[in-house]
Amino acid sequence: MRKRIISVLLIGSTIFLMAGCGDHAGHNHAHEGEEIHHHDHDDHDHEDHDHEEHEGHHHDHDGHDHDAHEHHGHSHEGHDHDGHDHEHEGESHAAGEIVLEPERAEAAGVKVEAVHPGPFHATIHTSGLILPASGSEAYLTARTSGIISFGGRTPAPGQQVSKGQSIARVSGGSMAEGDLVTRARIEYQAALKEYERAKNLVEEKLISERDFNAIEAAYLTAKNSYEGVSAGSGTSGVSVTAPIAGYIKEMLKSEGEYVSAGEPVGVVTQDRKLRLQADLPEKYMGLRSSISSANFRMADGDHSHTLDELDGKLISVAHALESDSPYLHITFEFNNCGDIVPGAYAEVWLITGWKENVISVPETALTEEQGEFFVYVRLDEDCYKKVPVKVGERNGENVEILSGLHEGDDLVVAGAYQVKLASASIVPHAHNHSH
């Protein structure tokens, strides 16, 4: 009997403790208290037990819902707040994508074109030299001997001049032999007087026709000499004028130097027609007959020129190597677009033929990082992706793409660098966005 009383007291204490813990700990302890109650209270009938069990379960379920609701409600509220911020930052896109809003892309000059296979011209990469076309240059020549003066402003290469424009003056007033214009004027005036006197004498038959002809010839020679040296002359000397319209290519004399009559003091070039002299390496001699055109880029420039856009044409193809040179000269003539200077070196791509069904991209679409090449493909209105590509031949205008691009890809052909700068907005890998 004592043992039974002790057992009942222990079980009752346990139930009391379990019930107290259930109030604080949640539904797990309530289930355990329920189990004990079911086994130890035999005086309750089955119906009462079912009712209590149902009420216990109902209470636990409500408690669980309440806690879970509070927990999930808190998380959901925080998630909505974060998600709202990320959406504004563009972080709802997939990992590795670059976000660039349409307005910013337009302002940065980003242009996109669909990729389509097409013809691509094969080339030979070499170097060349820009030369003036035949007959497009003329010398500035001194008409008299003396000291040259540019009025304190020596013409610079590239300066535009018009035909007949005074470029410099030459004065011989301080020279030992005197001023040539002055001497020519004195000789001319003396010859003129002799000629007028001879006209009267020949009419009166006082001199022969032969003597008169000699006097007339001397007069005409003196007149031409004076007019030649005195054209553009003044108190400061004889003017040196441009024989053609064009640009100063170079000046051969400096302020204060002595020049002789007939000596060149500078060069004027028209630059309307220029020539490209390309060097064809000896190993490509067998392809010289297949060369039809060329693309070129100035050594100090970024823009490539095509002879087609400059109305260029092939002029000549050398058939033999020059002495001590491993190159054949291939010469083209073209219209100057205004920024090409004779005498400059150029990077040249000689066009030898065509490849069909080739994916190629403009040079402006490529970016390079540590020897690897990349392009940028637009995925949707404001989302781009960096794509590694393997390049093939170049022709100075476009680049052959061997792998990495597919037909229909929306390729960034201009403004690729701006898209690269926007890569700071690349989305973390944890976010996901399907297109």
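Analyst: K205 is exposed, because its relative accessibility is 70% (exposed means over 50% relative accessible area, buried under 20%, and partly exposed in between, with a 1.4 Å probe and protein chains only). K205 sits in the loop between α5 (180–203) and α6 (209–230); helices are DSSP runs of H or I with at least four residues, strands are runs of E with at least two, and both are numbered from the N terminus. Its phi is positive, about 60 degrees, although K205 is not a glycine.

This is a predicted model, in which local features need pLDDT of at least 70 and side-chain atom pairs count only at pLDDT 80 or more, while totals for chains, interfaces and linings use all residues. Residues are numbered from 1 along each chain as its sequence is written, and side-chain values use heavy atoms, with hydrogens and water left out.

Q370 also has a positive phi without being a glycine, about 55 degrees. Q370 lies in the loop between β19 (367–369) and β20 (372–380), and its relative accessibility of 84% makes it exposed.

E369 pairs with K420, with the closest N and O atoms 3.6 Å apart. The two are 51 residues apart: E369 is in strand β19 and K420 in helix α7 (residues 416–421). Both partners are partly exposed, K420 with a relative accessible area of 24% and E369 at 25%.

R394 and E363 form another salt bridge, with a closest N to O distance of 2.7 Å. Because R394 is in strand β21 (residues 383–394) and E363 in the loop between β18 (360–362) and β19, this pair ties together parts 31 residues apart in sequence. R394 is partly exposed at 28%, as is E363 at 21%. The structure holds 12 salt bridges, and K253, E257 and E263 are linked in a network of them.

E333, in strand β16 (residues 327–335), is by contrast buried, with a relative accessible area of 14%. Its side chain makes a polar contact of 3.1 Å with that of R275 (a pair of N or O atoms within 3.5 Å, where within protein one must be able to donate a hydrogen and the other to accept it, and residues adjacent in sequence count only if both atoms are side-chain atoms). Beyond its neighbours within four places in sequence, E333 is in contact (heavy atoms within 4.5 Å) with residues including A133, K273, D311 and I315.

Among the contacts of I130 are L276, F296 and F334.

Notes:
Salt bridge = Lys/Arg side-chain N within 4 Å of Asp/Glu carboxyl O.
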